[in-house]
Amino acid sequence: MTKEQKLHYRQMAELGCSLCRELGYGETPAEIHHIRRSGKRDTAPVIPLCPTHHRFSNTSIHGLGRRAFELKFGLTEEYLLERSLTLIKERYGSRITNTNTKENKTTY
Ligand SMILES: [Zn+2]
Ligand SMILES: [Zn+2]
């Protein structure tokens, strides 16, 4: 995984669950869900989902399967992806493009 990818994953997770946000639950701590298109998992787009909406319950995307999940909540993975990418741009946009400034360096 590249450094940019890692950063992107972290930013996605920091947004909180993308579905909880749509449902008006606020920022629920989230983990990363890979959207399966064609191609490698490495390059698959990701969205943040809380454990309940990701994998633990019968309201989760892996519990229901993608189609049933999308029908149940009336929105699609792709929509959640669009929303999350927009939010990331709003929150971190300037920081990402500003790679030259050394004072912004964070150590982890
Ligand atoms: Zn959620
Ligand atoms: Zn997943």
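Begin by selecting Ser-60, which sits in the loop between α3 (51-56) and α4 (61-64); helices here are DSSP runs of H or I with at least four residues, strands are E runs of at least two, and both are numbered from the N terminus. This is a predicted model, in which local features need pLDDT of at least 70 and side-chain atom pairs count only at pLDDT 80 or more, while totals for chains, interfaces and linings use all residues. Residues are numbered from 1 along each chain as its sequence is written, chains are lettered from A and ligands numbered from 1 in the order in which they are written, and side-chain values use heavy atoms, with hydrogens and water left out.

His-54 is buried because its relative accessibility is 8%.

Now display the zinc ion (ligand 2). Its protein donors are His-33 (ND1), His-54 (NE2) and His-62 (NE2), at 2.0 to 2.1 Å. Donors are N, O and S atoms within 2.8 Å of the metal (3.2 Å for Na, K and Ca); water is not among the atoms, so sites may look incomplete. The donor residues are spaced H-x20-H-x7-H in sequence.

Finally, select Cys-17, buried at 1% relative accessibility, and Cys-50, buried at 3%.

Technical notes:
Buried means under 20% relative accessible area, exposed over 50%, partly exposed in between (1.4 Å probe, protein chains only).
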